[in-house]
Amino acid sequence: MIERALADSAATEGLGAALARTAPWSAPQAIAVYLHGELGAGKTTLVRGLLRELGVTGTVRSPTFTLLESYDCAAHLVLHVDLYRLAGSADVAGLGLRDEARPGVLLLVEWPERAAAALPPADLHVHLSIAGEGRRARLEAASPVGQAWLDAAVTGAQSQN
């Protein structure tokens, strides 16, 4: 587990960028990250930082109304999903997420608790919370792939200091 204080949106984007730099793209299946936190906690901000690090230059929107935003990033596909408006697991089937469960795909899911039964299992849980003017992040591995990712992120952070 990693815990980190995030002073502002730039720090939240920086955490997303660090996750992009250390992502386990060689995993034998899609990588799933569940993003937890109340409205305004910084979930989409973290995703924006991750996507910027992967070379996305266009607008990064919260998929609250579209439910799914897809980004082609070199040899990888990033799917950003927001399940806030869904009533349950049955609504997720139409998004085709199970069809994308292949190597080279990163699935970022906001509000996963709304349809957990219909989602691939998480490799990494990112919990964001509001802490005064900033945010607090807690990252927890949920699989061996997620643990390797956290280990790489810690090693990368130490080498930058």
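Residues are numbered from 1 along each chain as its sequence is written, and side-chain values use heavy atoms, with hydrogens and water left out. Because the model is predicted, local features need pLDDT of at least 70 and side-chain atom pairs count only at pLDDT 80 or more, whereas totals for chains, interfaces and linings use all residues.

The protein contains three helices and seven strands; helices (H or I, at least four residues) and strands (E, at least two) are DSSP runs, numbered from the N terminus. Read from the N terminus, the order of elements is β-α-β-α-β-β-β-β-β-α. Of the 161 residues, 50% are buried, where buried means under 20% relative accessible area, exposed over 50% and partly exposed in between (1.4 Å probe, protein chains only). Contact means heavy atoms within 4.5 Å. Of the contacts between residues at least 6 apart in sequence, 66% join residues at least 24 apart.

The seven strands form an open sheet of mixed pairing, in the order S1-S7-S6-S2-S5-S4-S3; two strands pair if DSSP finds at least two bridges between them. Strands S1 (2-6) and S3 (68-73) are the edge strands, each pairing on one side only. From one strand to the next the twist averages 15°; axes are lines fitted to C-alpha atoms, for helices over the stretch in contact, and angles run from 0 to 180 degrees between N-to-C directions.

S3 and S4 run antiparallel and are joined by six bridges, with Leu 68 paired to Val 81 in S4. These two strands form a hairpin with two residues between them, and Ala 74 in the turn has a positive phi of about 55°. S4 also pairs with S5, in the parallel sense and over six bridges; Leu 79 has Leu 107 as its bridge partner in S5, and His 80 stands opposite Leu 108. S2 and S5 run parallel and are joined by five bridges, with Ile 31 opposite Leu 106. S2 (residues 31-36) and S6 (residues 124-131) are likewise parallel, over four bridges, and Tyr 34 stands opposite His 125 in S6.

S4 is largely enclosed by the rest of the structure, because six of its seven residues are buried. For S5, six of the six residues are buried, so this strand is also largely enclosed. In a regular strand the side chains alternate between the two faces of the sheet. In S5, Val 105, Leu 107 and Val 109 point one way and Leu 106, Leu 108 and Glu 110 the other way, and all are buried. Helix H2 (residues 43-53) lies across S2, S3, S4 (76-82), S5 (105-110) and S6, and runs at about 160° to S5.

His 36 is located in strand S2 and is buried, with a relative accessible area of 17%. The side chains of His 36 and His 125 make a polar contact at 2.8 Å; a polar contact is a pair of N or O atoms within 3.5 Å, and within protein one must be able to donate a hydrogen and the other to accept it, while residues adjacent in sequence count only if both atoms are side-chain atoms. Not counting residues up to four places away in sequence, His 36 touches Lys 43, Pro 112, Glu 113, His 125, Val 126, His 127 and Leu 128.
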